[in-house]
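Let's take a walk through this model together. We'll begin at a pocket, move on to the strands, and finish with some charged pairs.

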Amino acid sequence: MTAESGTHAGREGTGSAGLSPRAPELVLCAVDEPLAAAWTTATQSVAGRVRVHRGSVLDVAAQAVVSPANSYGWMRGGIDAVYARAFPGVEQSVRSAVLAFHGGELPIGDAVVVPTGEVQPAWLISAPTMREPGERLPADTVHPYLAARAVFLTWRDGRLDHGPVRESVATIAMPGLGTGVGGVDPATCARQVAAAWEEVFRES
């Protein structure tokens with residue numbers, strides 16, 4: 001069971017009042033104060049059901065969690081290692097999806113959805129922030145934006161075997177994107193995630 005963002009034209013599902021009523025709830029998670037503060041600042045100017053959770057992404061009642069992965073689907077460090085321990089077999093599911101849909105390398109800016117094997121969260125959305133495992137990202141990187149945009153487009157337009165992703169996922173729990181191993185400044189990540197949210201779920 002996989003879904004990918006693919007190529008998207010237009011902004012289907014956006015409402016005339018600006019924010020789409022079909023946007024998910026987004027819970028931005030942080031286990032450290034710099035990221036929590038950055039999330040809080042960024043969400044002050046964001047419309048929609050977006051909130052900050054100070055604590056583990058796994059403590060959130062959500063149908064999907066975000067994996068800020070590498071392009072090959074290895075889940076050996078950072079929050080990905082936490083997911084791999086919590087959801088046995090999820091790494092192999094991600095790698096199989098990457099191989100099946102992307103020839104073994106998931107480009108930054110795309111995402112895949114795989115089942116976790118748990119009731120909640122039932123789904124993991126893998127959206128790479130780096131090509132190689134352990135890659136240090138430059139200060140001017142836009143990879144958090146690209147990864148977040150892939151997550152939001154996947155929710156809006158992606159499909160699972162039994163129907164649209166948006167019909168199975170009401171809440172997405174998202175950790176920092178690239179803020180751990182990737183070394184992205186928390187404020188940079190937060191601004192880019194907010195920009196991606198506004199782009200996907202608001203009209204021009």
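Start with helix H2, which gives the most to the lining of the largest pocket: three residues. Helices here are DSSP runs of H or I with at least four residues, strands are E runs of at least two, and both are numbered from the N terminus. This is a predicted model, where local features need pLDDT of at least 70 and side-chain atom pairs count only at pLDDT 80 or more, while totals for chains, interfaces and linings use all residues. Residues are numbered from 1 along each chain as its sequence is written, and side-chain values use heavy atoms, with hydrogens and water left out.

Back to the pocket. On a 1 Å grid over the protein atoms alone, a pocket is an open set of points where a 1.4 Å probe fits, with protein on both sides within 12 Å along at least five of seven lines; lining residues have an atom within 4 Å of a point. The largest one holds about 520 Å³ of space, the volume being what probe spheres set on the points fill, with points joined across faces, edges and corners. Its lining has 30 residues, and Pro68, Gly78, Ile79, Gly176 and Gly180 lie nearest the centre.

Strand E1 also supplies at least two lining residues, so let's look at Val27, which sits in E1 (residues 25-30). Val27 is buried at 0% relative accessible area (buried is under 20%, exposed over 50%, partly exposed in between, with a 1.4 Å probe and protein chains only). Beyond its neighbours within four places in sequence, Val27 is in contact (heavy atoms within 4.5 Å) with residues including Arg51, His53 and Ile172.

Ile172 turns up again in E8, where it stands opposite Ala64. Ala64 belongs to strand E3 (residues 64-67): Ala64 and Val66 point one way, Val65 and Ser67 the other, and all are buried. E3 pairs in the parallel sense with E8 over two bridges and with E5 over four; pairing takes at least two DSSP bridges.

What about charges? The whole structure has eight salt bridges, each a side-chain nitrogen of Lys or Arg within 4 Å of a carboxyl oxygen of Asp or Glu. In one of them, Arg51 meets Glu25 at 2.9 Å, N to O. That pair ties E2 to E1, 26 residues apart. Arg51 is partly exposed at 39%, whereas Glu25 is buried at 18%.
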